Amino acid sequence: MKTYILLVLFVIGLNTFASAQKKIPTAQELTVKNIDELNERVVLSPTQKSVIYNYLFDMYRQQLDLVKKQQAGTSKEDDVTKFYKFQNETNDNIKNILKGDQITEFDKLQEERLNGDNKKKKGKKAKSKEEDQTTGISGLKSQN
């Protein structure tokens, strides 16, 4: 009887643990989220949305494949290098589709992502820190 109860508790615990783990988003979910954020900042035409969607979907599909390889322990350093190269190509392709002010705003969005800036989460604190922050190449130079 004790064995049966322990077995039932083990199965319940295992089930709870499995459902509590975070689900990795799909390439489509990541793409839709990114397109929505990009459209909010840059305001895309329907044609631009469609083309950029395809670029982003391919990039996220490759990224998720790399994550799966890393989790399985079968990834190589070359895979990561190839992914970053593909990511840069994707960003360049997106820039080729954008026009004028859209490119400037896209560059700002990319820089915020690289710096880990998120204005929505930081609120008023982000505004005061942004004034003091030096970004880009000028931020790397020593200030004399």
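Visitor: In this predicted model, which residues of α4 are buried?

Guide: A residue counts as buried when its relative accessible area is under 20%. In helix α4 of this predicted model, that description applies to Asp79, Phe83, Thr90, Asn91, Ile94 and Ile97.

Visitor: Which exposed residues does the face of α4 turned away from its buried side carry?

Guide: Exposed means a relative accessible area over 50%. Lys82, for example, has a value of 51% and is therefore exposed. The face turned away from the buried side of α4 carries Glu77, Thr81, Lys82, Lys85 and Asn96.

Visitor: What is included in the cover over the buried residues of α4?

Guide: The buried residues in question include Phe83 and Ile94. Among the elements that cover the buried residues of α4 are α3 (46-72) and α5 (101-115).

Visitor: How far does α4 reach from its first C-alpha to its last?

Guide: Helix α4 runs over residues 77-97 and has 21 residues. At 1.5 Å a residue, the expected reach is 30 Å. The reach in the model is close to that figure, at 31 Å.

Visitor: Where do Lys95 and Asp107, which meet in a salt bridge, lie?

Guide: The side chains of Lys95 and Asp107 meet at 2.9 Å, N to O. The pair ties together parts that are twelve residues apart in sequence, because Lys95 lies in helix α4 and Asp107 in helix α5.

Visitor: Is Lys95 buried or exposed, or does it count as partly exposed?

Guide: Buried requires a relative accessible area under 20% and exposed one over 50%, with partly exposed in between. Lys95 has a relative accessibility of 30%, so Lys95 counts as partly exposed.

Visitor: About how many helical turns separate Asp78 and Lys82?

Guide: The side chains of Asp78 and Lys82 meet in a salt bridge at 3.4 Å, N to O. Because they are four residues apart in helix α4, their separation is about one helical turn.

Visitor: In which helix do Asp58 and Arg61 both lie?

Guide: Asp58 and Arg61 also form a salt bridge, at 3.3 Å, N to O. The two residues are three places apart, about one turn of their helix, which is α3.

Visitor: Within what arc do the buried residues of α5 fall?

Guide: The buried residues of α5 are Gln102, Glu105, Phe106, Leu109, Gln110 and Glu112. They line one face of the helix, because seen down the axis they fall within an arc of 160 degrees.

Visitor: Which element gives the most to the largest nonpolar core?

Guide: The largest nonpolar core has 17 residues, and those with the most contacts inside it include Leu56 and Ile94. The elements that give two or more residues are α2 (27-42), α3, α4 and α5. With six residues, the element that gives the most is α3.

Methods:
Residues numbered from 1 in each chain as written. Predicted model: local features only at pLDDT ≥ 70, side-chain atom pairs only at ≥ 80, totals over all residues. Heavy atoms only, no water. Expected span 1.5 Å × (residues − 1). Buried < 20%, exposed > 50% of the residue type's maximum accessible area, 1.4 Å probe, protein only. Contact = heavy atoms within 4.5 Å. Salt bridge = Lys/Arg side-chain N within 4 Å of Asp/Glu carboxyl O. Arc of directions from axis to C-beta. Core = buried A, V, L, I, M, F, W, Y, C linked by side-chain atoms within 4.5 Å.
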